[in-house]
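Please read them with the coordinates open.

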Amino acid sequence: MDTSQIIVIVSGAGIIAFILWFFFGKQEGKKATMTTNIQEVEITVEGGYEPGTINLKVGVPTRLIFHRVETSSCSEEVVIPEFGIRKKLPAHEKTKVEFTPDKPGRYSFTCGMGMLRGTLIVE
Ligand SMILES: [Cu+2]
């Protein structure tokens, strides 16, 4: 094996490791902060949701604060079908969405068109 083959193998392995990290390394969701019986998470909305995965406790009143920092019409609405929520998110404002996740499971929240996507993990 000559040097150039080794370089190809090593950089190939590096790229694979990066891809695995990128797609699977951030699986751990963000835990909600507990304040007097309410679990609260702030989510930045800018071409997506950050954090995109949120861990919630079942049966605890929840407040998601969507901070939309863009004017792109894609993200002007947020929908959480499982909990009957559809809410307008004014640009450059924080909008509260409140509900109580009463059953464990994974639920998605999306923009009005279903393009941007996030996940609520309720357990
Ligand atoms: Cu959209």
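The points below concern the metal site and the strands around it.

1. The model is predicted, and the comments that follow should be read as comments on computed coordinates. The copper ion has as its protein donors Cys 74 (O), Cys 74 (SG), Cys 111 (SG) and Met 113 (SD), which lie 2.1 to 2.8 Å from the ion.

2. What is the geometry of the site of the copper ion? The angles among its four donor atoms run from 85 to 129°, and the site is tetrahedral; the tetrahedral class applies because all angles lie between 85 and 135 degrees. For reference, the ideal angle for four tetrahedral donors is 109.5 degrees.

3. Along the chain, the donors of the copper ion follow the spacing C-x36-C-x1-M. Cys 74 sits in the loop between β6 (62-68) and β7 (77-80), whereas Met 113 sits in the loop between β10 (105-111) and β11 (117-122), so that this pair, 39 residues apart, links distant parts of the chain.

4. Are these two residues buried or exposed? Cys 74 is buried, because its relative accessible area is 14%, under the 20% cut-off, while Met 113 counts as partly exposed at 48% relative accessibility.

5. β10 and β11 form a hairpin with five residues between them, and Gly 114 in the turn has a positive phi of about 75°.

How values were computed: Residues numbered from 1 in each chain as written. Predicted model: local features only at pLDDT ≥ 70, side-chain atom pairs only at ≥ 80, totals over all residues. Heavy atoms only, no water. Donors = N, O, S within 2.8 Å, 3.2 Å for Na, K, Ca; no water. Tetrahedral: all angles 85-135°; square planar, octahedral: opposite > 155°, others 65-115°. Helix = DSSP H or I, 4+ residues; strand = E, 2+ residues; numbered from the N terminus. Buried < 20%, exposed > 50% of the residue type's maximum accessible area, 1.4 Å probe, protein only. Pairing = 2+ DSSP bridges.
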